[in-house]
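Open the model in your viewer and keep the selection panel at hand. The stops below run from the whole chain to single residues.

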Amino acid sequence: MPWQGRDVVDIRDFSREDLEILFEAADRMLDELESGNVKKRLEGKLISLAFFEPSTRTRTSFEAAAKRLGAETIVFTAEEAMSVAKGESFADTIRMLDSYSDLIVVRHRYEGAALLAAEIARAPVINGGDGRQHHPTQAMLDLYTVRRLFSTIDGLNYLILGDLRYSRTVSSLLYALSLFRPVSVMLSSPSELRLRDEVRADLEARGLKLREVSIEEGLREADVIYVTRIQRERFPDPSEYEKVKGSYKVTRKLLETYAKRSAKVLHPLPRVDELTPDVDGTEFQAYFLQARLGVPLRMALLTLVLGGDA
Ligand code: NCD
């Protein structure tokens, strides 16, 4: 399907070919950023960033991407800042933004918010993360980072570690991986934070084979080690969070003991205590690169959706 005018709500709506077009465009954007010569492809466009839930990286990288391309942005960063606090419905807020923007990026704590926005708005809607299931642009960025690091997404061993139950980056990444041919996809989490059954069943129906492993077993085999924080704010019951808090930690020592020398650690960030800062200075660390690549990847995405010359 052509990219122009498309809503980006759920990674399952995209094919491998769509992602390859995106990654190739992101490579061109990265080259331009590095040479300091970015074409103002989106001059005259107005992009609304409607962030009903806090975000640093996703919001700033969308904003940086839009600005590098010459677009203007309107940013709402918190519920309090909007008339939502005065009782305006989500639908009305989206209608208002739609009436004066060319594209809307939405982040929301409720699952389904981005889909609802896409149904209401005439302008394309990009999901910047909603609820616990969807974060399509993060999954695109995660695989783009793997592609930059290993020159391939196929043929690698992936270990996905941490809060597999509430982390939307995990389910989106797994759906995206089901379009490729990984050698193995290993999951490691405290039992309370296992992947939800419905997500697992859907992934298996898409042909993705999953294997549960201990951290040590997973580290021995993995090329890509994807670490996530425990999603405290998504626990329905705070006492459940207390039970699993601090239950896993990826450290330099653990990596040096078990992981392959060539393995790379990714993390969507922010981190809390599950990935210790002593990993930062090692060859395993790839999460700062991953954060940096968010800009060219989102430049490519905005350009493709707005029909610019990508
Ligand atoms: C993630 C998110 O919001 O789901 N952050 C991000 O977009 N980089 C991960 C997280 O909050 O843990």
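Start by colouring two parts: domain 1 (11-134 + 294-305) and domain 2 (136-291). These bounds come from an automatic or database domain assignment. This is a predicted model, where local features need pLDDT of at least 70 and side-chain atom pairs count only at pLDDT 80 or more, while totals for chains, interfaces and linings use all residues. Residues are numbered from 1 along each chain as its sequence is written, and side-chain values use heavy atoms, with hydrogens and water left out.

Now select the contact (heavy atoms within 4.5 Å). Domain 1 brings 32 residues to it and domain 2 brings 33.

Next, the area buried between the domains: about 2,800 Å², with 57% from carbon and sulfur atoms. Buried area is the accessible area (1.4 Å probe) that two parts lose on being put together, summed over both. Pick Ile11, Arg16 and Arg132 in domain 1. They lose the most area to domain 2, together 27% of what that side buries.

How many salt bridges cross the interface of domain 1 and domain 2? The rule finds six. It asks for a side-chain nitrogen of Lys or Arg within 4 Å of a carboxyl oxygen of Asp or Glu. Select Arg234 and Glu53 to see a salt bridge, with the closest N and O atoms 3.1 Å apart.

Now show helices (H or I, at least four residues) and strands (E, at least two), which are DSSP runs numbered from the N terminus. On the side of domain 1 that touches domain 2, α1 (16-35) is among the elements that supply at least two residues.

**Around the ligand**

Zoom in on Arg107: one of its polar side-chain atoms lies 3.1 Å from a ligand oxygen. For Arg168, a polar side-chain atom is 2.8 Å from an oxygen atom of the ligand. Turn to Pro268, where a polar backbone atom is 2.9 Å from a ligand nitrogen.

Look at the peptide bond from Leu269 to Pro270: cis, with omega near 10°. Pro270 sits in the loop between β9 (264-266) and α11.

**Last stop**

Select Ser151, in the loop between α5 (136-150) and β5 (157-161). Ser151 is not a glycine, yet its phi is positive, about 60°.

Note on methods:
Polar contact = N/O pair within 3.5 Å; in protein donor to acceptor, adjacent residues only side chain to side chain.
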